[in-house]
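Welcome to a short tour of a protein chain. Take a moment to turn the model around on your screen, then read on with it beside you.

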Amino acid sequence: MNAVTFNNVEHIYNEKSPFEIKSLNGVDLQIKKGEIFFICGNTGSGKSTLIKLINRLLIAKTGSIKVLEFDMNTIKKPFELRKKVGMIFQYPDNQIFETRVKKELIYGPEKFGMSKREALVKIKESCVLAGLDYEGFKNRNPFELSGGEKRKVAICSILAYDPEIIIFDEPTAGLDNSSILSLKKMFFKLKEKGKTIIAVSHNIDFISECCDKICLLSGGKVIFSGDFVDTMMRFTNKELEVFGVEKPFIYRLLEKIKFKDKDDFKEKIKNIENLFNV
Ligand SMILES: Nc1ncnc2c1ncn2[C@@H]1O[C@H](COP(=O)(O)OP(=O)(O)OP(=O)(O)O)[C@@H](O)[C@H]1O
Ligand SMILES: [Mg+2]
């Protein structure tokens, strides 16, 4: 069952003006429910545009987009869609707007109809998932937090209303290693809960450790989409450069030592720990 389907989608910024830019040019894409799906591509390739079309922050010029039960060509008001599709922005400063963390976190749940009590339960669950100490932070001003703390608040503010699809734009940017590890664990927990995760990232080692499927975007087109391991085995490092990524360290290492058994490679490559059983 698909969570997201794009058919021949085109998007244009500033149409019919001297500043017109075709940002997406015939995108076809399918994302299944419950997947951790990564979108990769060079800067300006259209990644942020693509994910903004999923929760209708932008509207496509042509083509069809289906997200869960919603058809973007016929949807009247995106309220119900936004309840089910949450997006964590590339820069938390573009997302947060309240003066207290607790107000920031309760805004979404209340807007989408939860009672205060229900919202508080969800907020606390989200804080545990994202590793934010709710009691310690609830009275702080989100704009006065560190970059990593702001990002956690931004994540919790979305998780708190329990959307089915959660979209992350560059979630590892500015995070230290231990925060990236926590993020990876959070992705797995969200997947266990049946959520669909869609993320834009250039951090290939992070992608490699939690990705089910990947799509490679260039010049506003999806050039390839498929299983992560298959994709890494199909393209050379040189070919991947076009998409702003390189093969994860572990793939390069195994290629160097000429580890060729394809099925076993797939099995072992999933994480570094498995390698010790080679
Ligand atoms: N608000 C906007 N107005 C006009 N053009 C825009 C706007 N936002 C993006 N673009 C243009 O659309 C194209 C795709 O931009 P987009 O932000 O989707 O790329 P991206 O792949 O997310 O890049 P990055 O990796 O730098 O975040 C680029 O050429 C960009 O200059
Ligand atoms: Mg972007």
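Below is a briefing on this structure, grouped by topic. Please keep in mind that the model is predicted. The chain folds into 13 helices and 10 strands. With a radius of gyration of 19 Å, close to the 19 Å that the globule rule gives for 278 residues, the chain is as compact as a globular protein of that length.

**The chain as a whole**

- Of the 278 residues in the chain, 36% are buried.
- Take the contacts between residues at least 6 apart in sequence: 69% of them join residues at least 24 apart.

**The six-stranded sheet**

- Six strands form an open sheet with mixed pairing, and their order across the sheet is S6-S7-S8-S3-S9-S10.
- At the edges you will find strand S6 (85–88) and strand S10 (221–227), each of which pairs on one side only.
- On average, neighbouring strands of this sheet are turned by 15 degrees against each other, direction ignored.
- Strand S3 (residues 36–41) and strand S9 (residues 213–218) run parallel and are joined by five bridges.

**A closer look at Ile167**

- Ile167 belongs to strand S7.
- This residue counts as buried because it has 25 C-beta neighbours inside 10 Å, and the cut-off for being buried is 20 or more.
- Leaving aside neighbours within four places in sequence, the contacts of Ile167 include Ile51, Ile54, Val85, Met87 and Ile198.
- Ile167 and Ala199 are 32 residues apart along the chain, yet their C-alpha atoms are separated by 5.6 Å.

**Around ligand 1**

- Among the residues that surround ligand 1 are Tyr13, Asn14, Gly44, Lys47, Ser48 and Thr49.
- Strand S2 (21–32) and H1 each give at least two residues to this shell.
- H1 supplies the largest share of the shell, with three residues.
- By type, the shell has two nonpolar, nine polar and one charged.

**Helix H3 and its cover**

- In helix H3 (residues 101–111), the buried residues are Val101, Glu104, Leu105, Ile106, Gly108 and Pro109.
- Helix H4 (116–130), helix H5 (134–137) and helix H6 (147–159) are included in what covers these buried residues of H3.
- Here is a handy rule for reading such lists: an α-helix has 3.6 residues a turn, so residues three or four places apart point the same way.
- After H3 comes Gly113, with a positive phi near 95 degrees.

**Strand S1 and its partners**

- Strand S1 (residues 2–13) pairs with S2 in the antiparallel sense, over nine bridges.
- One bridge to find here links Ile12 with its partner Lys22 in S2.
- S1 also pairs with strand S4 (residues 62–67), in the antiparallel sense and over five bridges.
- On that side, the bridge partner of Asn7 is Ser64 in S4.

Note on methods. Residues numbered from 1 in each chain as written. Chains lettered and ligands numbered in written order. Predicted model: local features only at pLDDT ≥ 70, side-chain atom pairs only at ≥ 80, totals over all residues. Pairing = 2+ DSSP bridges. Helix = DSSP H or I, 4+ residues; strand = E, 2+ residues; numbered from the N terminus. Axes fitted to C-alpha atoms, helices over the stretch in contact; angles between N-to-C directions. Rg over C-alpha atoms; globule rule 2.2 N^0.38 Å. Buried ≥ 20, exposed ≤ 12 C-beta atoms within 10 Å, placed from the backbone. Contact = placed C-beta atoms within 7 Å. Near = placed C-beta within 6 Å. Nonpolar A, V, L, I, M, F, W, Y, C, P; charged D, E, K, R; others polar.
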